[in-house]
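These are my notebook entries on one protein chain. I set down what I looked up, one topic at a time.

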Amino acid sequence: MLTIHHLGHSQSERIVWLCEELGLPYELRRYTRDPVTRLSPPELKALHPLGAAPVIEDDGLLLAESAAIVEYLIVKHGGGRFKPGPERSDYADFLYWFHFANGNLQPVVMRTMTAQRAGLPAGHPLLANTQERLARAFAHVDARLTEAPWLAGEDFSAADIMSAFTFTTMRLFQPIDLAPWPHIRAWLQRIGERPAYRRAMAKGDPDLAPLLD
(Lines give C-alpha, C1' and ligand atoms only; values in the text may rest on other atoms or scores of the structure.)
Protein backbone atom coordinates (compact mmCIF):
# COMPACT_ATOMS: atom_id res chain seq x y z
CA MET A 1 0.00 0.00 0.00
CA LEU A 2 1.28 3.43 -0.93
CA THR A 3 1.58 5.76 2.07
CA ILE A 4 1.56 9.54 1.70
CA HIS A 5 3.02 11.55 4.57
CA HIS A 6 1.19 14.83 4.18
CA LEU A 7 1.97 18.05 6.03
CA GLY A 8 -1.07 20.28 6.22
CA HIS A 9 -0.96 23.41 4.06
CA SER A 10 2.07 22.27 2.08
CA GLN A 11 3.24 21.16 -1.34
CA SER A 12 2.40 17.58 -0.42
CA GLU A 13 -1.19 18.36 -1.45
CA ARG A 14 0.14 17.77 -4.98
CA ILE A 15 0.67 14.09 -4.22
CA VAL A 16 -2.75 13.55 -2.68
CA TRP A 17 -4.31 15.27 -5.68
CA LEU A 18 -2.33 13.20 -8.18
CA CYS A 19 -3.33 9.96 -6.48
CA GLU A 20 -6.97 11.01 -6.60
CA GLU A 21 -6.65 11.85 -10.32
CA LEU A 22 -5.00 8.49 -11.01
CA GLY A 23 -7.41 6.56 -8.82
CA LEU A 24 -4.55 5.04 -6.82
CA PRO A 25 -5.26 3.51 -3.41
CA TYR A 26 -3.20 5.07 -0.65
CA GLU A 27 -2.96 5.56 3.08
CA LEU A 28 -2.85 9.20 4.12
CA ARG A 29 -0.92 10.17 7.23
CA ARG A 30 -1.56 13.79 8.10
CA TYR A 31 0.80 15.99 10.10
CA THR A 32 0.14 19.42 11.58
CA ARG A 33 2.56 22.33 11.53
CA ASP A 34 4.02 23.62 14.78
CA PRO A 35 1.68 26.49 15.80
CA VAL A 36 4.61 28.81 16.57
CA THR A 37 7.28 28.00 13.99
CA ARG A 38 4.86 26.76 11.28
CA LEU A 39 7.42 24.02 10.56
CA SER A 40 7.12 20.23 10.43
CA PRO A 41 6.53 18.29 13.66
CA PRO A 42 9.22 15.91 14.98
CA GLU A 43 7.38 12.84 13.68
CA LEU A 44 7.72 14.05 10.09
CA LYS A 45 11.27 15.26 10.56
CA ALA A 46 12.19 11.74 11.69
CA LEU A 47 11.26 10.35 8.27
CA HIS A 48 13.68 12.36 6.17
CA PRO A 49 16.87 14.34 6.87
CA LEU A 50 15.28 17.60 5.65
CA GLY A 51 12.11 17.08 7.66
CA ALA A 52 9.98 18.28 4.76
CA ALA A 53 6.85 17.03 3.04
CA PRO A 54 5.86 15.30 0.89
CA VAL A 55 7.33 11.92 1.62
CA ILE A 56 5.92 8.66 0.32
CA GLU A 57 6.54 5.03 1.20
CA ASP A 58 5.98 2.43 -1.49
CA ASP A 59 6.98 -1.20 -1.06
CA GLY A 60 10.00 -0.38 1.08
CA LEU A 61 10.94 2.75 -0.89
CA LEU A 62 11.08 6.11 0.87
CA LEU A 63 10.95 9.05 -1.54
CA ALA A 64 10.81 12.83 -1.02
CA GLU A 65 10.60 15.89 -3.33
CA SER A 66 7.21 16.51 -4.87
CA ALA A 67 8.38 16.60 -8.50
CA ALA A 68 10.26 13.33 -8.09
CA ILE A 69 7.26 11.73 -6.43
CA VAL A 70 4.89 12.93 -9.15
CA GLU A 71 7.10 11.46 -11.89
CA TYR A 72 7.59 8.24 -9.94
CA LEU A 73 3.87 7.69 -9.40
CA ILE A 74 2.95 8.52 -13.00
CA VAL A 75 5.55 6.13 -14.42
CA LYS A 76 5.38 3.39 -11.78
CA HIS A 77 1.66 3.28 -11.08
CA GLY A 78 -0.13 5.66 -13.44
CA GLY A 79 0.54 4.19 -16.85
CA GLY A 80 2.04 7.49 -18.00
CA ARG A 81 -1.17 9.47 -17.52
CA PHE A 82 -0.84 13.25 -17.15
CA LYS A 83 2.68 13.17 -18.65
CA PRO A 84 2.78 13.55 -22.46
CA GLY A 85 5.44 11.42 -24.10
CA PRO A 86 8.12 12.60 -26.54
CA GLU A 87 5.97 11.61 -29.49
CA ARG A 88 3.44 14.30 -28.55
CA SER A 89 3.58 17.84 -29.90
CA ASP A 90 3.02 19.20 -26.38
CA TYR A 91 5.94 17.28 -24.85
CA ALA A 92 8.32 20.25 -24.65
CA ASP A 93 5.59 22.52 -23.27
CA PHE A 94 4.85 19.94 -20.61
CA LEU A 95 8.51 19.66 -19.59
CA TYR A 96 8.90 23.43 -19.43
CA TRP A 97 5.86 24.12 -17.27
CA PHE A 98 6.35 21.04 -15.09
CA HIS A 99 9.84 22.24 -14.11
CA PHE A 100 8.91 25.93 -14.09
CA ALA A 101 6.75 25.26 -11.01
CA ASN A 102 9.61 24.50 -8.61
CA GLY A 103 12.46 25.91 -10.67
CA ASN A 104 11.15 29.45 -10.99
CA LEU A 105 7.59 30.04 -9.82
CA GLN A 106 7.71 28.79 -6.23
CA PRO A 107 11.20 30.23 -5.52
CA VAL A 108 10.21 33.74 -6.61
CA VAL A 109 7.24 33.68 -4.23
CA MET A 110 9.51 32.47 -1.43
CA ARG A 111 12.01 35.27 -2.15
CA THR A 112 9.23 37.83 -2.09
CA MET A 113 7.95 36.51 1.23
CA THR A 114 11.44 36.55 2.73
CA ALA A 115 12.12 40.09 1.53
CA GLN A 116 8.84 41.38 2.92
CA ARG A 117 9.31 39.68 6.28
CA ALA A 118 12.80 41.16 6.56
CA GLY A 119 11.15 44.51 7.22
CA LEU A 120 12.77 46.26 4.28
CA PRO A 121 11.44 49.77 3.65
CA ALA A 122 9.19 50.42 0.67
CA GLY A 123 11.28 51.07 -2.40
CA HIS A 124 14.28 49.10 -1.15
CA PRO A 125 16.06 47.68 -4.25
CA LEU A 126 15.90 44.07 -3.04
CA LEU A 127 12.19 44.29 -2.26
CA ALA A 128 11.45 46.06 -5.54
CA ASN A 129 13.43 43.44 -7.46
CA THR A 130 11.61 40.49 -5.92
CA GLN A 131 8.22 42.09 -6.52
CA GLU A 132 9.11 42.81 -10.13
CA ARG A 133 10.31 39.23 -10.68
CA LEU A 134 7.13 37.86 -9.12
CA ALA A 135 4.97 40.03 -11.37
CA ARG A 136 6.92 38.87 -14.44
CA ALA A 137 6.57 35.20 -13.46
CA PHE A 138 2.83 35.52 -12.87
CA ALA A 139 2.37 37.46 -16.11
CA HIS A 140 4.27 34.70 -17.92
CA VAL A 141 1.84 32.07 -16.61
CA ASP A 142 -1.15 34.28 -17.36
CA ALA A 143 0.04 34.79 -20.93
CA ARG A 144 0.46 31.05 -21.40
CA LEU A 145 -3.12 30.51 -20.28
CA THR A 146 -4.37 32.81 -23.03
CA GLU A 147 -3.01 30.24 -25.49
CA ALA A 148 -4.40 27.03 -23.99
CA PRO A 149 -6.72 25.96 -21.16
CA TRP A 150 -3.96 24.02 -19.38
CA LEU A 151 -0.27 24.72 -18.99
CA ALA A 152 0.92 21.93 -21.28
CA GLY A 153 -1.77 22.66 -23.87
CA GLU A 154 -5.23 21.29 -24.48
CA ASP A 155 -4.99 18.52 -21.86
CA PHE A 156 -4.75 18.69 -18.09
CA SER A 157 -1.38 17.37 -16.93
CA ALA A 158 1.00 17.05 -14.02
CA ALA A 159 2.30 20.51 -14.93
CA ASP A 160 -0.99 21.90 -13.63
CA ILE A 161 -0.76 19.78 -10.48
CA MET A 162 2.76 21.05 -9.81
CA SER A 163 1.88 24.71 -10.40
CA ALA A 164 -1.46 25.20 -8.67
CA PHE A 165 -0.09 25.19 -5.11
CA THR A 166 1.77 28.47 -5.65
CA PHE A 167 -1.43 30.25 -6.63
CA THR A 168 -3.66 28.64 -4.00
CA THR A 169 -2.38 27.33 -0.66
CA MET A 170 0.88 29.30 -0.82
CA ARG A 171 -1.18 32.47 -0.49
CA LEU A 172 -1.83 31.51 3.13
CA PHE A 173 1.83 32.36 3.73
CA GLN A 174 2.28 35.12 1.14
CA PRO A 175 -0.97 36.93 0.28
CA ILE A 176 -1.08 37.88 -3.40
CA ASP A 177 -3.97 39.57 -5.18
CA LEU A 178 -4.61 37.68 -8.41
CA ALA A 179 -6.82 40.41 -9.90
CA PRO A 180 -4.15 41.45 -12.45
CA TRP A 181 -4.04 37.93 -13.89
CA PRO A 182 -7.56 36.92 -15.01
CA HIS A 183 -6.43 33.89 -16.99
CA ILE A 184 -4.76 32.42 -13.91
CA ARG A 185 -7.99 32.94 -12.02
CA ALA A 186 -10.00 31.23 -14.76
CA TRP A 187 -7.53 28.33 -14.74
CA LEU A 188 -7.93 28.00 -10.97
CA GLN A 189 -11.69 27.83 -11.42
CA ARG A 190 -11.22 24.95 -13.87
CA ILE A 191 -9.01 23.21 -11.34
CA GLY A 192 -11.60 23.75 -8.62
CA GLU A 193 -14.19 22.01 -10.76
CA ARG A 194 -12.17 18.80 -10.91
CA PRO A 195 -13.67 16.17 -8.56
CA ALA A 196 -10.22 14.72 -7.79
CA TYR A 197 -8.94 18.12 -6.65
CA ARG A 198 -11.95 18.62 -4.39
CA ARG A 199 -11.53 15.15 -2.89
CA ALA A 200 -7.81 15.67 -2.32
CA MET A 201 -8.25 18.99 -0.54
CA ALA A 202 -11.09 17.63 1.60
CA LYS A 203 -8.95 14.69 2.69
CA GLY A 204 -5.61 16.44 3.07
CA ASP A 205 -6.65 19.85 4.35
CA PRO A 206 -10.24 19.65 5.59
CA ASP A 207 -9.77 22.89 7.53
CA LEU A 208 -8.93 24.86 4.40
CA ALA A 209 -11.25 26.33 1.81
CA PRO A 210 -9.14 26.26 -1.37
CA LEU A 211 -8.01 29.75 -2.42
CA LEU A 212 -9.18 29.66 -6.02
CA ASP A 213 -9.78 33.37 -6.62
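**Entry 1: the sheet and its helices**

I began with helix α3 (residues 66-76), which lies across β1, β3 and β4 and runs at about 130° to β4. I note that the model I am reading is predicted.

I then looked up the sheet itself. Its 4 strands form an open sheet in the order β2-β1-β3-β4, with mixed pairing. Because β2 (26-31) and β4 (61-64) stand at the edges, each has a single partner strand, and one side of each is left without a neighbour in the sheet. From one strand to the next, the twist averages 20°.

I recorded a general point on such pairing: strands of a sheet pair through backbone hydrogen bonds, either parallel or antiparallel. In which sense do strand β1 (residues 2-7) and β2 pair, parallel or antiparallel? I found that they pair in the parallel sense, over 6 bridges. I also noted one residue pair: the bridge partner of Thr3 is Glu27 in β2. Helix α1 packs on the sheet as well, where it touches β1, β2 and β3 (55-58), and its direction makes about 140° with that of β1.

**Entry 2: helix α1**

How many residues of α1 (residues 13-22) are buried? I found 10 of its 10 residues buried, among them Trp17, Leu18 and Cys19. After α1 comes Gly23, with a positive phi near 70°.

Ile15 is buried, with a relative accessible area of 0%. Setting aside residues up to four places away in sequence, I listed what Ile15 touches: Ile4, Pro54, Ile56, Ser66, Ile69, Val70 and Leu73. Ile15 and Ile69 are 54 residues apart along the chain, yet their C-alpha atoms are separated by 7.3 Å.

**Entry 3: a buried loop residue**

Next I looked up Thr168, in the loop between α6 (158-167) and α7 (182-192). Is Thr168 buried or exposed? Its relative accessible area is 1%, which means that Thr168 is buried. Leaving aside neighbours within four places in sequence, Thr168 is in contact with Glu13, Leu188, Tyr197, Leu211 and Leu212.

**Entry 4: a helix pair**

Last, I examined α4 (residues 91-117) and α5 (residues 125-144), whose axes come within 9 Å and cross at roughly 150°. The angle therefore makes α4 roughly antiparallel to α5. The crossing is left-handed. Residues in the contact include Trp97 and Phe100 of α4 and Leu134 and Phe138 of α5. By class, I recorded 12 nonpolar, 5 polar and 4 charged residues in this contact.

Key: Residues numbered from 1 in each chain as written. Predicted model: local features only at pLDDT ≥ 70, side-chain atom pairs only at ≥ 80, totals over all residues. Heavy atoms only, no water. Axes fitted to C-alpha atoms, helices over the stretch in contact; angles between N-to-C directions. Helix = DSSP H or I, 4+ residues; strand = E, 2+ residues; numbered from the N terminus. Parallel < 35°, antiparallel > 145°, perpendicular 65-115°, else oblique. Left-handed = near helix turned anticlockwise from the far one by under 90°. Contact = heavy atoms within 4.5 Å. Nonpolar A, V, L, I, M, F, W, Y, C, P; charged D, E, K, R; others polar. Buried < 20%, exposed > 50% of the residue type's maximum accessible area, 1.4 Å probe, protein only. Pairing = 2+ DSSP bridges.
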